[in-house]
Each structure stands twice: as C-alpha cells, then as structure tokens.
Amino acid sequence: MSDDTGGSKVLEAVEAVRAKARGLMEATADRKALDDVRVALLGRKGELTAILKGMKDLAESERRKVGEAANALKGWIEEAIGSRLAELSRSEAEGAAGAPSGGPAPFDVTLPGTGRPAGSIHPVTAMRRKVEGIFAGMGFMVVDGPELESEFHNFVALNIPETHPARDMQDTFWCDDGQCLRTHTSPVQVRALIRYGAPIRMIAPGRCFRNESIDASHENTFFQVEGMMVDSEVSVANLIHVMKAMLSEVFGMDVDVRLRPGYFPFVEPGFELDMRCSICGGQGCPTCKRSGWVELVPCGMVHPNVLRHSGVDPDRFSGFAFGLGLTRLAMMSYRIGDIRVFNSGDLRALAGLGSASPQAV
Ligand code: DAH
C-alpha cells in the first residue's frame, strides 16, 4: 500500500514555485519589486513558507523528501535573489552616472584610460631618416627608384654588360618579362642623372633583393643608400670628406676613415672605405676582427661609361658614388647580431630600438 499522504502533490507544488519564482525575478525592474518577490515567496505568508508549514501533515517518509526539495528551493531562491540584486545595483549605478536627461551614460574622465601601447620606428627606418637628414644638410636631394628594375638600369648602364662576370656577384631574381628585382640601389644613380642631369648631389635609400641563402648575416631583402655627387671638379678628396662627415654624424663622434682599393664595374677607381674601430680605438678586437678597422662603405669615382649611359659628358663632369649598407649600418649601430630580425616583425627585438641612439662601432 502506498503511504502517499499528498507528498507527490507537494513536490509538484515545489517545482511550480520554482518556475514562478524564476519568472517573477526576471521581471523585476528594481530593488523594491525584488523585495516584493522575496516576501511573496519566502515571507511569513509566502508560498514556500506555506509549503514548509504544510509538511507536518505528511507521512514521515514523505516529509523527508519534500523537506529536502523545499529547502533546496529555498536556497536556490535566496541565491537567485542575491544575483538579481547585484544585477539591479549595477544597472542602477550606471543609470545614476548617466545624464539626468536619460542620454548616453557619460564616462568618468578621472579613470585611467585603457591606452594602446605606442609603436616604435623600425631601426632601418630610423637609420634611413638619420642618414637622409645628414645628406640633406649637405645639399643632397633624396630620390626614389623602382624596386622592379630594368636590366638596363640595374646592369647595362652601370657598366655591367650581359656577358660581364660581375653579374655573378649578385644572384638576381629575374621576372619573365626581363625585368628584375633590383640587386642594389645603384640603378637610381642612372635614373637621377638621366632625369636631372649634372651637376647633381643625390642619395637614394631603398630596398634591394638578392637570391641569398638566409642566415644571420645574409638576407634576400635588405636596404642600401646609394649616393652620388657629380660636378665639374669632384675628386676623391670630396668623397673622403663627405663620407667622414656623414659617419661622424651617424655615430656622434669624430671618425677616422681610410680607403682601400675595391672593384665595382661602375666606378674607377673603386674603393672600400673603412672606419677606425671605436670599440678598441684601432688596437684590434673581435668586432673589427683584430684589424683595427671596420669595412663600411664601398665607393669610388663614377665610371665614364656610367656618365655616358646617363647622357652626361665625362669630359665635362666627374663624380663620386657610394653604396651604404643601411641594414648593415643599423645592425652595427643598434648592436643587432642577426639580420633576420629586421624582416621578422619580432617586437622583442625591434620594439624601442629605432628611438635609441645609435652606438659607435
Ligand atoms: N652597388 C654595390 C653593391 O650593392 C655597392 C656600391 C659600390 C655602390 C660602389 C656604389 C659604389 O655606388 O660606388 O654591391
């Protein structure tokens, strides 16, 4: 025989109160309404209170079940009231901060802002700007040339005809239409001479490309600054002076330079310009490979054939040219040991570098 004395009905009633409580609470718009709900459910004459009171009429075995369910519901209602109260307080606080007219909620201007971390200038860009500034101060114009270059400008006009072995010095990315990704910024010398004629003082910073296997000191994409001065009486003395002035500015100290012979088809004579190592003062250290000098700028006197190819009369004009490794200069002055960092976007290495002052080598 069942000893059901109405227990299952009471359990149903408990569930009904739960469903109702949920609906009522969601509908509350303020604390007052929420308090009314609490009284209606848990107050002295509340619905759940009535259920709890009625338990005495149940048989012992049912009383336990119903008691458990009713008490669980009581706990649930109290918790739900607590979280609804928190919600209401939050929106009340927001409302209180809002414009009295009910306009959009204003923000507290005294709170600290969320802020965005400031970016920083890429070290190659920082060095380019620095070099541009220095040359602008010496009356050089800054010009730009295309990265996709013709064979004529990249090689032929620079005295590197098709069969010339010097083409092998630079492994080139060729396109199907016969153009190439420029292997150096030297073609911009030719473009500038053709466009502006002589006399001229120009630099051309830019990206260059070579088919290199990449390692810590070789990249397929890197930056150079080409420079050229052509006038009626330009000599090696002018070249040395300009290089020395530029490097002293870049490194913020008086630098010593020397020339050694070097071969580049577009200059004659051609040089390697070295700077005295400032780390050891020329005594010899690991940085300068114990030579006391750091090889820095290939340069020379513009070859008459380059002037001719560019429409300038070599009997009237002469000039010097140089090809500064901008990426290399940035590596040296910011003490970056691995060239791959520059194209990596690795902020651990790049952040803040461009705003640091370059250091002497
Ligand atoms: N274009 C050469 C290179 O990338 C560098 C160079 C050497 C440029 C001598 C010059 C120069 O203007 O005179 O290897």
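Is Arg18 buried or exposed? I looked this up before anything else. Arg18 is buried, with a relative accessible area of 18%; buried means under 20%, exposed over 50%, and partly exposed in between, with a 1.4 Å probe and protein chains only.

**Entry: what I am working with**

The model is predicted, so local features need pLDDT of at least 70 and side-chain atom pairs count only at pLDDT 80 or more, while totals for chains, interfaces and linings use all residues. Residues are numbered from 1 along each chain as its sequence is written, and side-chain values use heavy atoms, with hydrogens and water left out.

**Entry: salt bridges**

I took a salt bridge to be a side-chain nitrogen of Lys or Arg within 4 Å of a carboxyl oxygen of Asp or Glu. By this rule I have 16 salt bridges.

Arg18 pairs with Glu15, and their closest N and O atoms are 3.1 Å apart. Both sit in helix H1 (residues 7-27), 3 residues apart, so about one helical turn separates them. Glu15 is partly exposed at 42% relative accessible area. Helices here are DSSP runs of H or I with at least four residues, strands are runs of E with at least two, and both are numbered from the N terminus.

Next I checked Arg207, which forms a salt bridge with Glu147 at 3.2 Å between the closest N and O atoms. This pair links distant parts of the chain, 60 residues apart: Arg207 is in strand E4, and Glu147 is in the loop between E1 and strand E2 (148-149). Arg207 is partly exposed at 33%, and Glu147 is partly exposed at 32%.

Arg191 forms a salt bridge with Glu149, the closest N and O atoms being 2.7 Å apart. Arg191 lies in helix H7 and Glu149 in strand E2, 42 residues apart. Arg191 is partly exposed at 29%, whereas Glu149 is buried at 0%.

I also found a network of salt bridges linking Arg258, Arg260, Asp274 and Glu295.

**Entry: the sheet**

I traced an open sheet of 7 strands in the order E1-E4-E5-E9-E8-E7-E6, with mixed pairing. Two strands pair if DSSP finds at least two bridges between them. The edge strands, each pairing on one side only, are E1 (141-142) and E6 (257-261). E6 is joined to strand E7 (residues 267-276) by 5 bridges, and the two run antiparallel. Leu259 has Leu273 in E7 as its bridge partner.

**Entry: Glu272**

Glu272 is found in strand E7. Leaving aside neighbours within four places in sequence, its contacts (heavy atoms within 4.5 Å) include Arg258, Leu259, Arg260 and Glu295.

**Entry: nonpolar cores**

A nonpolar core is a set of buried Ala, Val, Leu, Ile, Met, Phe, Trp, Tyr and Cys residues joined through side-chain atoms within 4.5 Å. The largest has 48 residues, and those with the most contacts inside it are Val131, Phe135, Met243, Leu247, Phe320 and Phe322. Among the elements that each supply at least two residues of this core are helix H5 (123-137), helix H8 (236-251) and E9. H8 gives the most, with 7 residues.

I then looked up Met243: neighbours within four places in sequence aside, Met243 is in contact with Phe135, Leu273, Val297 and Phe322. A second, separate core of 25 residues includes Ala166, Val188, Met228 and Leu307.
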